[in-house]
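Reader: I'd like to go through this one with you and ask what stands behind the labels. Could you show it first?

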Amino acid sequence: MLELKEITKIIGDKIILRNFSLALSPGESVAVIGPNGAGKSTFFKLAAGLMQPTSGEILLNGEQIKKKTHLLKKRIGYLGHESFLYNSLTPLENLRFYGKLYKVKNIEEKGMELLKAVGLHYFKDIPIRSFSRGMIQRLAIARVLLAEPEFLLLDEPHTGLDQEAVSLLNQLMKERQKQGISILLISHDFEQVINVCDRVLILNKGRVISDRNIDPQLELMSFKKWYEAAVIGK
Ligand SMILES: Nc1ncnc2c1ncn2[C@@H]1O[C@H](COP(=O)(O)OP(=O)(O)O)[C@@H](O)[C@H]1O
Ligand SMILES: [Mg+2]
């Protein structure tokens with residue numbers, strides 16, 4: 001269980017997040033949506049232990065997350081706007097590097113399996129500096145899954161992906177969710193949010209302004225109307 005309790009984040013004289021609380025249970029998949037600058041990415045960095053809150057607590061299975069708690073952080077797979085990959089290395093070499101860092105067993109086998117899962121196995125031995133944005137994003141997704149984290153925090157993972165890769169990613173998320181892994185997803189693509197998530201929060205100006213469950217029958221039009229009413233109504 002990942003719990004954020006009354007988190008406030010102030011940078012300089014700006015309040016980025018105000019009194020934010022969320023509890024994420026095993027196998028739960030929650031989307032965080034909202035306008036640019038709402039505080040979504042800041043929330044993910046806090047939850048991943050990459051940033052400290054000004055006040056409030058973040059607990060991973062009851063333990064506080066601190067900046068250097070390496071073991072705790074291994075259990076959180078964070079995909080941010082940067083890929084954290086090395087341009088001069090091939091996909092397989094990048095995964096080997098992170099595999100060693102996270103002490104992953106059977107790196108070769110797992111690396112190949114993940115490269116197949118994201119559709120990059122034909123490119124496994126080519127340095128990634130020549131890769132398109134979507135190919136880099138596919139590899140970044142494989143990297144995040146490598147250490148088999150219990151929590152996946154994916155900040156706009158669909159960005160730059162083609163249709164095939166979007167389906168592959170959604171499939172990977174659904175499989176992980178079935179295994180009890182919890183997912184937090186930031187996306188501006190409401191179709192993917194409805195497809196993958198059980199619940200959605202709208203963050204606006206650092207506050208949660210609305211929160212709902214998603215049932216699979218929910219239509220995109222009615223979702224958009226709910227979002228617009230919440231954001232424009234405030
Ligand atoms: N390191 C930082 N220093 C100052 N302001 C920041 C910093 N990081 C984010 N912000 C500000 O916090 C607000 C929320 O940013 P962010 O969390 O990236 O929003 P979102 O992901 O919803 O677009 C923005 O106004 C942004 O300018
Ligand atoms: Mg962001």
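**Behind the labels**

Author: Let's start with one residue in this predicted model: tyrosine 98 has a relative accessibility of 7% and counts as buried.

Reader: What makes tyrosine 98 count as buried?

Author: The cut-off for buried is under 20% relative accessible area. Tyrosine 98 comes in at 7%, so buried is the label.

Reader: And why is phenylalanine 97 called partly exposed?

Author: Partly exposed runs between the 20% cut-off for buried and the 50% cut-off for exposed. Phenylalanine 97 has 34% relative accessibility, so it falls in that range.

Reader: Why is the pair of phenylalanine 97 and tyrosine 98 called edge-to-face?

Author: Two checks. Centres have to lie within 6.5 Å to pair, and planes over 60 degrees apart count as edge-to-face. Here the ring centres are 5.1 Å apart and the planes stand at 90 degrees, so the pair passes both.

Reader: How many aromatic pairs does the search of the whole structure find?

Author: Nine of them. Tyrosine 86 and phenylalanine 97 form one, with 5.1 Å centre to centre and 75 degrees between the planes. That angle is over 60, so this pair is edge-to-face as well.

Reader: What makes you say that this pair ties parts of the chain together?

Author: Look at where the two residues sit. Tyrosine 86 is in the loop between strand 6 (76-79) and helix 3 (91-101), while phenylalanine 97 is in helix 3, so the pair links parts eleven residues apart in sequence. Tyrosine 86 has a relative accessible area of 39%, so it is partly exposed.

Reader: Which residues form the aromatic cluster with Tyr86?

Author: Phe97, Tyr98 and Tyr102.

Reader: Zooming out, what is the chain built from, and how do you know that it is as compact as a globular protein of that length?

Author: The protein chain has eight helices and ten strands. The C-alpha trace spans about 50 × 40 × 35 Å along its principal axes.

Reader: How much of the chain is buried?

Author: Buried residues make up 52% of the 234. The chain exposes about 11,700 Å², and carbon and sulfur atoms supply 51% of that.

Definitions and conventions: Residues are numbered from 1 along each chain as its sequence is written. Chains are lettered from A and ligands numbered from 1 in the order in which they are written. This is a predicted model: local features need pLDDT of at least 70, side-chain atom pairs count only at pLDDT 80 or more; totals for chains, interfaces and linings use all residues. Side-chain values use heavy atoms; hydrogens and water are left out. Helices (H or I, at least four residues) and strands (E, at least two) are DSSP runs, numbered from the N terminus. Buried means under 20% relative accessible area, exposed over 50%, partly exposed in between (1.4 Å probe, protein chains only). Accessible areas come from the Shrake-Rupley method with a 1.4 Å probe; for residues, only the protein chains shown count as cover. Rings of Phe, Tyr and Trp (its six-membered ring) pair if their centres lie within 6.5 Å; planes under 30 degrees apart count as stacked, over 60 as edge-to-face and the rest as tilted.
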